[in-house]
Amino acid sequence: MDDNLRHQCLVYSGSPSRYLPALAAMTKRRLAKNFRCLYMNSPPMVAGMRSYLSATGVDVAHETAKGSLILTSDKGHLIDGKFDVDRMMGLLAQTHDQALADGYAGLWASGDMTWELGAHCTPAQLLEYEWRLEEFFRGHPALCGVCQYHADTLPREMVRQGLLSHPGVFINDTLARANPHYVRPEAFTGHTAGDAALDDAVALICEK
């Protein structure tokens, strides 16, 4: 994987189960490379991921028991139901460091942003989180992952920001592309996030 594309976004519309096969295949590939794999989503999606992993030949019970695979719907990262950037970054750093301490080659993580952000996250918090997350990725080469943006369940402004803040776009388990819409934090302006061309880009991605 291109080191610049380790932080990827998956922007989509329609059924969230549509991309489960690809994410399960990616998880299997990372497990085979001795990565600890963390998947965060709602209970139905976690159950679906478990099923797809089993269908690909992953011994889910075994991988879970030994700590290689973490499938969770826990929302312990929220404080009184609200998203907190510092807490989320702290938990990610702790999980990353623990994976390396336990002898893994790295950490692969994927989370659904609708589930992860909770009901009270603001666009400003999301942007702060994604920029800090990108900075963390740059400083930790053993980390890779996919942030899932379901356009049907997130405000359009947040979907735009998601597309702006990720260097890579997830296509499938074997392909990621450089994101032509990526904007570094220092180049971001309010106009950038409100550019009508971004709506066209989001619509085009969601049609695929």
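**Entry: α4 against α6**

I looked up where helix α4 (residues 85–101) touches α6. V85, D86, M88, M89, L92, A93 and H96 of α4 meet Q125, E128, Y129, R132, L133 and F136 of α6; contact means heavy atoms within 4.5 Å. By class I get eight nonpolar, two polar and three charged residues here. For the classes, Ala, Val, Leu, Ile, Met, Phe, Trp, Tyr, Cys and Pro count as nonpolar, Asp, Glu, Lys and Arg as charged, and the others, Gly among them, as polar.

This is a predicted model, so to speak for local features I need pLDDT of at least 70, and side-chain atom pairs count only at pLDDT 80 or more, while totals for chains, interfaces and linings use all residues. Residues are numbered from 1 along each chain as its sequence is written, and side-chain values use heavy atoms, with hydrogens and water left out.

The two helices pack at an angle of about 25 degrees, with axes 10 Å apart. Axes are lines fitted to C-alpha atoms, for helices over the stretch in contact, and angles run from 0 to 180 degrees between N-to-C directions. That makes α4 roughly parallel to α6 (under 35 degrees is roughly parallel, over 145 roughly antiparallel, 65 to 115 roughly perpendicular, the rest oblique).

**Entry: an aromatic pair**

How many aromatic pairs are there? I count two, where rings of Phe, Tyr and Trp (its six-membered ring) pair if their centres lie within 6.5 Å, and planes under 30 degrees apart are stacked, over 60 edge-to-face and the rest tilted. One of them is F83 with Y129, edge-to-face at 5.3 Å centre to centre and 75 degrees between the planes. F83 sits in strand β5 (residues 82–83) and Y129 in helix α6 (residues 123–139), so the pair ties together parts 46 residues apart in sequence. Both F83 and Y129 are buried (under 20% relative accessible area; exposed is over 50%, partly exposed in between, with a 1.4 Å probe and protein chains only).

**Entry: α6 against α7**

I then checked α6 with helix α7 (residues 156–164): their axes come within 10 Å and cross at roughly 15 degrees. α6 and α7 are therefore roughly parallel, and their crossing is right-handed. P123, L126 and L127 of α6 meet E157, M158 and Q161 of α7, which I sort into four nonpolar, one polar and one charged. Seven of the nine residues of α7 are buried, so this helix is largely enclosed by the rest of the structure.

**Entry: α1 against α2**

Helix α1 (residues 20–32) and helix α2 (residues 43–55) pack at about 60 degrees, axes 9 Å apart, and are therefore oblique to each other. The contact uses L20, P21, L23, A24, T27 and K28 of α1 and M45, G48, M49, Y52 and L53 of α2. I sort these into eight nonpolar, two polar and one charged.

Most residues other than glycine have a negative phi. N34 has a positive phi of about 65 degrees although it is not a glycine. I found N34 in the loop between α1 and β2 (35–40), partly exposed at 36% relative accessible area.

Methods
Helices (H or I, at least four residues) and strands (E, at least two) are DSSP runs, numbered from the N terminus. A crossing is left-handed if the near helix is turned anticlockwise from the far one by less than a right angle, and right-handed if clockwise.
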